[in-house]
Structure formats: structure tokens, C-alpha cells
Amino acid sequence: MKLLDRLRAFSQKHAIENSESLSPLGAVIEDLYSATEGSINGRRTILVGTNNYLGLSFDNECINASHQATRNFGTGTTGSRLANGSYSSHQALEQELGEFFGLPQAIVFSTGYMANLGIISSLVSPGDTIVLDEHCHASIYDGCKLSGANIIHFRHNQAQDLEKRLRRLGEQAQHALIIVEGIYSMLGDRAALQELVAVKQKYDALMLIDEAHSLGVLGETGRGLAQEAGVEEHIDFITGTFSKSLAGIGGFCVSRHPELNIIRYASRPYIFTASPSPATIASTRAALSIIQNRPNLRHQLWENATTLYNGLQSMGYELGPEISPVIAIQVGPREEALSMWQKIFDRGVYVNLVLPPATPDSNCLLRCSVSAAHTRAQLDVVLDAFAYFQDKLPQQQLA
Ligand code: PMP
């Protein structure tokens, strides 16, 4: 009973059970019309919180590839690769990821969450140290916890603070793993990668970058922030997900180190779970090829991100520090944030409501993620929905 009491207290604290209206944690999409529009609560709604950056979830090539794979290989793999064996398509995708990044080693995981869990927990052990940016994603934190290593945070994007912490480690810094993200999922800002890599080089540590939100989004060929910043040769491990630009489900790690392959035999989140389904591998392979062949999608994404960011900024909203496909809007206290989220939904727009402790600094956020598939007309509806609040919110909520 005590355990269940605790769950009920959790539910009250986080206002999870909200019977009379739509809950931000429980929206049900009854129908999807495209990558950017669906039906929620019986209402046609523009989706601006999907992370579907390139809009590929409805791409014909991806859909046809997954149909074909289901016909040929069935609906599921029904087990782990170590136990049941790999499908040739798992290996083909690993080969293609390696070629895409120009790196010799790649491992596919069942989700991006598991990629971080599996890689971090196999690389470092109790007695080692992980130094991670404080804004890192929960999957990175969970991977750190699973590893049993010492965990040290450095101040968000502050290379000097990273250096201070490595200096304090002395000799041990050489055995440290530094973890950062390409684009941070909460505020949409890029890691200050050149400066962070310079510190990493100075202390001879290893660096892992999670390019979950930057794959297909940044870099000349869409490889992410490390490519854009020109530091790929200094990165030891890149993790990422298939669930954003690649519009599927799954995760990966690529590396220049041959030792990555050994992780397959050591990583519990790789070994003890079913491998990705044939359909998801096939659509991901198609999407990876589209990232390389249709750079116009990336250009359109940035045009859309710029339109939305500039539009919201000109209304006076306080946004994340730079233009990005992840646009975080600082809103007031919890009750007002909930009410604003609801009213925006009433105007036919679904954005993510992010409440503490998931937010970086105890502020509530409305988080938009822009897609290349958003039309200008849809972006105008989103801007109109936010414009409604311009003169209604207390001044301190606007920048
Ligand atoms: N890393 C980051 C930075 C993320 O934002 C996410 C998901 N939001 C993940 C990893 C996990 O990816 P997945 O959805 O594939 O588990």
C-alpha cells in the first residue's frame, strides 16, 4: 500500500490526472493527416512538437521501404540480435551509418535512449569519471547512473567550467568521458563544440556527443554539429536516434575506435532487448539516404525555423539563445503555463509543455519543434496563436 500511496502523491504533485480537460501529458492523436497535422480531441490540429525535423514520417520512399520489409521479413524480430541473430538489414544499416559518418564502426540500438544507456554504461565503470553538460538529456543521465561512475556536471556550454573540473581530476582526467549534445533538446542551442573539444584535447579525455537533434539538421551533409564545427576527427563516440530526422524508431552509435564493436558483447541495453523491426530498419535506411540526397529539406527546415523564431521574438517572447528547429518559449509559473498551453491548443496548435524538473532552470517552457514539412500557412496559424497572448500576459513573462 505504501508504494501505491507514493504513486498517488506523485500524481497529485504533478497534476497528472486532469479529468475535465485535455492533459498535456495525455494527448491522444486520433488521426494523422500528414507529418504536420492530425486530429486531437476531435479537432484538426497543427503539430509543432514532433521532432519530425525533415517531415519524413509520411515520405513515400520510407513508407514503401517499410511495407516491403514487413512483407519480406515479418512484423518483428521477436528477440535480441545476440540470441536470435541479426537480420541482414541491421548490418546493412550499420554499414550505411558508418559510410555516412565516414567512420569504421557503427552499432544500431532499439531506441536512442538505449543507445545512450548502452554505450555510456559499457564505456565507463565505477571508479571512472563522467563530466557532462548539465543540460544533457535524461537518457544520458540514466546511462551515467547505470555505469556506476562518478558523475560531475559542468555549467551549460561553459568550456572554462569543463576545464576547471578536468583540472581538479588531475591524472584521472585522462580516463574521463565528456558528454555533450549537438543541439540541446530543451533550449535548442548548439554546444560550443570547438571550445569544448579544445579542452578535451588538452586533457586527453574521451568525448561523446549525442547528435539526436542535430542529425539531418546541421552540417554540410547533415552529419550534425561535429561536422558543422569541423571537429569530427576529435570526437570519440557519436550517439543519435532514428526517432527525429529519420522519422522511425531506434538509435545508434558510431565511432572511429574499433573497440566500439566489443560493446555489442558487453552492453546490457543492446543484449537484453529485441532488435528493431524490419519495417523500422527499412524506413530508417530510406530516410538516411534522403538526408544525403535531398539537402533542400534541410534548407527548408532552417527557413521555417527562422520564420517561427523571428516571429515569436518580434512579439517579445523570451526564447532560447539562438535560431533553431527547437524553439523554447519561457512562460510563467506552472498554472499559467498550463492555461497558455491549453489556449494555444484551442487555437488548433499542439506544442510541448515542459514543466520542471524536466526544464533546465525551474522555468516552464512551451517547446515548439519546427519541421521542413510545415507550410508557411501553418506557421502563420502558430504565430497567430501566440500573438493572442501578447497583450494578455503579465509583462514580466515577456522579454
Ligand atoms: N538523446 C536526446 C538528446 C533526446 O532528446 C532523446 C529523445 N528526446 C533521446 C536521446 C532518446 O531518443 P529515443 O526517442 O530514440 O529514445
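Patches are made of residues with over 30% relative accessible area and no salt bridge, where like charges are joined within 9 Å and nonpolar side chains (Val, Leu, Ile, Met, Phe, Trp, Tyr) within 5 Å. A salt bridge, in turn, is a side-chain nitrogen of Lys or Arg within 4 Å of a carboxyl oxygen of Asp or Glu. Accessible areas come from the Shrake-Rupley method with a 1.4 Å probe, and for residues only the protein chains shown count as cover.

The model discussed here is predicted: local features need pLDDT of at least 70, side-chain atom pairs count only at pLDDT 80 or more, and totals for chains, interfaces and linings use all residues. Residues are numbered from 1 along each chain as its sequence is written, and side-chain values use heavy atoms, with hydrogens and water left out.

On the surface, Ile29, Leu32 and Phe58 form a nonpolar patch with about 260 Å² of accessible area together. Leu32 belongs to strand E1 (residues 29-32); strands (E, at least two residues) and helices (H or I, at least four) are DSSP runs, numbered from the N terminus. With a relative accessible area of 43%, Leu32 is partly exposed, a class that lies between buried (under 20% relative accessible area) and exposed (over 50%), judged with a 1.4 Å probe and protein chains only.

Two strands pair if DSSP finds at least two bridges between them; E2 and E3 do so in the antiparallel sense over 4 bridges. Within this pair, Glu37 stands opposite Ile46 in E3. The loop between strand E2 (37-40) and strand E3 (43-47) contains Asn41. Asn41 has a positive phi of about 55 degrees, although it is not a glycine, and with a relative accessible area of 52% Asn41 is exposed.

Asn157 also has a positive phi, near 65 degrees, in a residue other than glycine. Asn157 lies in the loop between strand E6 (150-154) and helix H7 (159-169), and Asn157 is buried, with a relative accessible area of 17%.

Strand E10 (residues 251-255) is mostly covered, with 5 of its 5 residues buried. Gly251, Cys253 and Ser255 point one way from E10, while Phe252 and Val254 point the other way. Strand E4 (residues 105-109) runs antiparallel to E10 and is joined to E10 by 5 bridges; Ile107 stands opposite Cys253. Strand E9 (residues 237-241) is likewise antiparallel to E10, with 5 bridges, and the bridge partner of Thr241 in E10 is Gly251.

Cys253 counts as buried because its relative accessibility is 0%. A disulfide is a covalent bond between the sulfur atoms of two cysteines, identified here as a pair of cysteine sulfur atoms within 2.5 Å. The structure holds 0 disulfides. Cys253 is in no disulfide, and the nearest cysteine sulfur, that of Cys144, is 14 Å away.

Helix H14 (residues 334-346) has 13 residues and, at 1.5 Å a residue, should span 18 Å; its end C-alpha atoms are 18 Å apart, which agrees. The expected span is 1.5 Å times one less than the number of residues. The buried residues of H14 are Ala337, Leu338, Met340, Trp341, Gln342, Ile344 and Phe345. After H14 comes Gly348, with a positive phi near 85 degrees.
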